[in-house]
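Please look over the structure below before reading on.

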Amino acid sequence: MQFEDILYDVRNGVAWITINRPEKMNAFRGTTCDEIIKALNKAGYDKAVGCIVLAGAGDKAFCTGGDQSAHDGNYDGRGTIGLPMEELHTAIRDVPKPVIARVQGYAIGGGNVLCTICDLTICSEKAVFGQVGPKMGSVDPGYGTAFLARVVGEKKAREIWYLNKRYSGPEAVAMGLANICVAPEKLDETVQQWAEEICERSPTAIAIAKRSFNMDTAHQAGIAGMGMYALKLFYDTEESREGVAALKEKRKPEFRKYAR
């Protein structure tokens, strides 16, 4: 299986899926999402694989969400908003093996959502988490909001989305967004160690446990599906377009003059 935007390799029973767009801070486009979905399915049903790691290439970023250079009212791929986000999020949740987010740097926007959805998150002391949607004329109206509230609590989730602050690795651990924060030089070793320990467990028991966890929030897939249609309508407004225009022009957005 050949990939353009990601790297795929298996290390002692652990499948590593690495977004390989460091020049774009590992922001994803339509091709990236499609390839991650394919890789998740490949690893998920490979009996030689016991755990999956989702990572980002380079030192700066795990993932910074959707590639804004491919966004002008719509992204460059398929799906409701031009990115198959519902399908990607579902693939992470439905694959019958734990998925570990390995965060060495920025996990912003859609990248923060990926960390939220992954079964476990292991980060370095250089990691930075946060959401930027309302600063950009965007939002994640599904797992990135509803499920985030389950992970970090209602008040913290609203703070993350309303204020768009950035949070360190230790802060992410404290709020429950990450499991453990380690020194940068220990990150890969720790991720591989945790993943290999999971590989030693009963795969059927792990799969049942994961499905059991997911059942409690399965209804949120419906929220995500409906939310993406609302987001598509929002992207067609001048208010949303102002966020992308302001980014390109390197100025502060003026959303309120477009609000109806």
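N26 is buried, with a relative accessible area of 0%. The model is a predicted one, and N26 lies in its loop between β2 (14-19) and α1 (30-44). The points below start with that loop and then turn to the helices.

**The loop between β2 and α1**
- Which residues touch N26, leaving aside its neighbours within four places in sequence? N26 is in contact with I19, N20, R21, G56, A57, A61, F62, C63 and T64.
- M25 is found in the loop between β2 and α1 as well.
- M25 is partly exposed, at a relative accessible area of 25%; a residue counts as buried under 20% and as exposed over 50%.

**Positive phi angles**
- Most residues other than glycine have a negative phi.
- M25 is a residue other than glycine, yet its phi is positive, near 55°.
- N164 is not a glycine either, and its phi is positive at about 55°.
- The position of N164 is in the loop between α6 (154-163) and β9 (166-168).
- Is N164 buried or exposed? N164 is buried, with a relative accessible area of 10%.

**Helix α1**
- α1 has 15 residues. From its first C-alpha to its last it reaches 21 Å, close to the 21 Å expected at 1.5 Å a residue.
- The buried residues of α1 are G30, T32, C33, E35, I36, I37, A39, L40, A43 and G44.
- What do the buried residues of α1 pack against? Their partners are β1, β2, β3, α2 and β5.

**α1 against α2**
- α1 and α2 pack at an angle of about 25°, and their axes are 10 Å apart.
- Angles under 35 degrees count as roughly parallel, so α1 and α2 are roughly parallel to each other.
- The two helices, α1 and α2, cross in a left-handed way.
- On the α1 side the contact is made by C33, I36, I37 and L40, and on the α2 side by M85, E87, L88, A91 and I92.
- By class, the residues of the contact of α1 with α2 are eight nonpolar, no polar and one charged.
- A91, one of the contact residues of α2, sits in that helix, which covers residues 85-94.
- A91 counts as buried, at 11% relative accessibility.
- In sequence, A91 and A207 are 116 residues apart; in space they are 14 Å apart, C-alpha to C-alpha.

- How many of the eight residues of α3 are buried? Eight of the eight are, and α3 is mostly covered.
- The buried residues in α3 are G110, G111, N112, V113, L114, C115, T116 and I117.
- α3 (residues 110-117) packs with α5 (residues 143-152) at an angle of about 45°, with the axes 10 Å apart.
- The crossing in which α3 passes α5 is left-handed.
- V113, T116 and I117 of α3 meet Y143, G144, F147, L148 and V151 of α5.
- The contact of α3 with α5 has six nonpolar, two polar and no charged residues.

**α5 against α10**
- α5 packs with helix α10 (residues 220-235) at an angle of about 150°, and the axes are 9 Å apart.
- Angles over 145 degrees count as roughly antiparallel, so α5 and α10 are roughly antiparallel to each other.
- From α5, Y143, A146, F147 and R150 meet Q220, A221, I223 and A224 of α10.
- The contact of α5 with α10 divides into six nonpolar, one polar and one charged residues.
- Y143 and F147 of α5 meet residues of α3, and Y143 and F147 also meet residues of α10.

**Helix α8**
- α8 (residues 187-199) has 13 residues. The helix reaches 18 Å from its first C-alpha to its last, close to the 18 Å expected at 1.5 Å a residue.
- In α8, the buried residues are L187, T190, V191, Q192, A195 and I198.
- Which strands are included in what covers the buried residues of α8? They include β1 (6-11), β2, β3 (51-56), β5 (99-103), β7 (120-124) and β10 (180-182).

Terms used. Residues are numbered from 1 along each chain as its sequence is written. This is a predicted model: local features need pLDDT of at least 70, side-chain atom pairs count only at pLDDT 80 or more; totals for chains, interfaces and linings use all residues. Side-chain values use heavy atoms; hydrogens and water are left out. Axes are lines fitted to C-alpha atoms, for helices over the stretch in contact, and angles run from 0 to 180 degrees between N-to-C directions. Helices (H or I, at least four residues) and strands (E, at least two) are DSSP runs, numbered from the N terminus. A crossing is left-handed if the near helix is turned anticlockwise from the far one by less than a right angle, and right-handed if clockwise. Contact means heavy atoms within 4.5 Å. Ala, Val, Leu, Ile, Met, Phe, Trp, Tyr, Cys and Pro count as nonpolar, Asp, Glu, Lys and Arg as charged, and the others, Gly among them, as polar. Buried means under 20% relative accessible area, exposed over 50%, partly exposed in between (1.4 Å probe, protein chains only). The expected span of a helix is 1.5 Å times one less than its number of residues. Angles under 35 degrees count as roughly parallel, over 145 as roughly antiparallel, 65 to 115 as roughly perpendicular and the rest as oblique.
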